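Hello,

Here is the structure for you to look over. My notes follow below it.

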Amino acid sequence: KGTFTQVSSQWQDTDSMREELDDLQIFLSTRWAILLNIQVELFRVNNIEDILQMLIVFCVESLEIDSALLFSERHALLRVLPVLVVLATSSEKEGDTILKKIKISRLINIFKLLLLKSSQSIDLERNREVKCNLYGMVVEGFQILSRWIGHVWEQCAWKFSRPSKDAVPLDPDDLSATVSDYEKVVRCNYSYEERRAMVELTSHIKGIGAMMQRSETVIADALWEAIHAEVQDFVQNKLATMLRTTFKKKKDLSRILSDMRTIAADWMANTIRPESEQNALRRGGDDSTVVSFQPRPVAPTAAQ
C-alpha cells in the first residue's frame, strides 16, 4: 500500500491513471490472483495436463537424484515444483489423477527433507565438504611432489646407467689426474640445459614442500577430521555390511573383519548407540542402519 501511495504521487492526477492504478492494486492484493489466472488460461490449451505432469516428474526426479549442479538450479526446482502442483490440480478430480500418477509421498519426502535441514546442519555439511576438498588438495599436492621426485630419480638412474665416455678431469693440465666413476655419472654427464632443468625442478620440489610444511599447523585439524570421517565411515558402515555377509559362510574372514573393526572404530564419536555386534551379525540381511558419527580431529593410532 505504501508503494502504491508513493507511485501515485508521482503520476499525473488524471482519472484514467488513477483508475488503472486502483485496478492494479486490487489485482495484486488478491492472494494467488496471478497464479489462478495463469491456471485458467493454461487449461484452455489441449493436453496441458500431460505437459504439467511431465514437468512435475522432471522436477521430482531431479531433486531426488540431486542432479542440479548449482545451488541456484536446485532452488529454482524447489520454487517451481509447488507452483506446478497447484497449476495441475485445478479441480479435486484432476488433483487426484495427478497425485495418483506421481505419488504424493514423493513430494512429501522432498519437502520434509528440506524442512528438516536446519541452518546448523547445512553449515556442518558445508564445513565437512570444505575439509574434504582441502584433504583432496593436500593429497594431490603430495602426488604431484612424488611424481616430480620420481622424474628426478628416473633421470639420475638413467644417467647412472650411462656414464660419460668423454669425461675430462677438472684440471686438464694435470696429466696424472683421473676422473672418478662418480664424476663420469654426475659432473661430466649433464649438459648445461639438463643441469638447469634439474636445478629448477629441484627448487620447485623444495619450495612446494616447504610451503606445505608451513601450512601444516593451520590445516592439520581439518585433515585429521577428514581422515577420521573416511575411516569411520568405512569401519562403522561399510565394514559392518561385509561382516553380515561373511558371518555365516566365511568364519575366518568374518573374524578378521571383526578385529579390524574393533581396532579402528571410534565409538566415542558415535551419535547413535551401536547395536551389539553379535546381535547385528545374527540378524543378517542388507537392511542395516547407517551409523551416524561426529568427525573428530584426531590422528589414527599406531595400531589403526
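**Confidence and overall make-up**

pLDDT is the predictor's confidence in each residue, on a scale from 0 to 100. The protein averages 76, and 72% of the residues score at least 70. Where pLDDT is low, the predicted coordinates should not be read in detail.

Residues are numbered from 1 along each chain as its sequence is written. Because this is a predicted model, local features need pLDDT of at least 70, side-chain atom pairs count only at pLDDT 80 or more, and totals for chains, interfaces and linings use all residues, while side-chain values use heavy atoms, with hydrogens and water left out.

The protein has 13 helices and zero strands. Both are DSSP runs numbered from the N terminus: helices are H or I with at least four residues, strands are E with at least two. Buried residues make up 25% of the 304 residues. Buried means under 20% relative accessible area, exposed means over 50%, and partly exposed lies in between (1.4 Å probe, protein chains only). The accessible surface comes to about 22400 Å², by the Shrake-Rupley method with a 1.4 Å probe; for residues, only the protein chains shown count as cover. Carbon and sulfur atoms hold 59% of that surface.

**Cores**

A nonpolar core is a set of buried Ala, Val, Leu, Ile, Met, Phe, Trp, Tyr and Cys residues joined through side-chain atoms within 4.5 Å. The largest has 16 residues. Leu52, Ile56, Val60, Leu63, Leu81 and Ile110 touch the most other members. Helices H4 (48–64), H5 (71–88) and H7 (104–116) each give two or more residues to this core. Leu52 touches Phe43, Leu84, Leu87 and Ala88, not counting residues up to four places away in sequence. A second, separate core has nine residues, including Val138, Leu145, Ile205 and Met212.

**Surface patch**

Which residues make the nonpolar surface patch? Phe234, Met242, Leu253, Ile256 and Met260 do, over about 400 Å². Patches are made of residues with over 30% relative accessible area and no salt bridge; like charges are joined within 9 Å, nonpolar side chains (Val, Leu, Ile, Met, Phe, Trp, Tyr) within 5 Å. H11 (216–246) and H12 (251–264) each give two or more residues. H12 gives the most, with three. Phe234 sits in H11 and is partly exposed, at 32% relative accessible area.

**Salt bridges**

A salt bridge is a side-chain nitrogen of Lys or Arg within 4 Å of a carboxyl oxygen of Asp or Glu. The whole structure has eight. Lys131 pairs with Glu225, the closest N and O atoms being 3.0 Å apart. This pair links distant parts of the chain: Lys131 is in H8 (residues 119–161), Glu225 is in H11, and they are 94 residues apart. Lys131 is partly exposed at 24%, whereas Glu225 is buried at 14%.

Glu183 pairs with Arg187 at 3.2 Å between the closest N and O atoms. Glu183 is buried at 18%; Arg187 is partly exposed at 30%. Arg196 and Glu200 meet at 3.5 Å, N to O. Both lie in H10, four residues apart, about one turn of the helix.

Best wishes

Conventions
Contact means heavy atoms within 4.5 Å.
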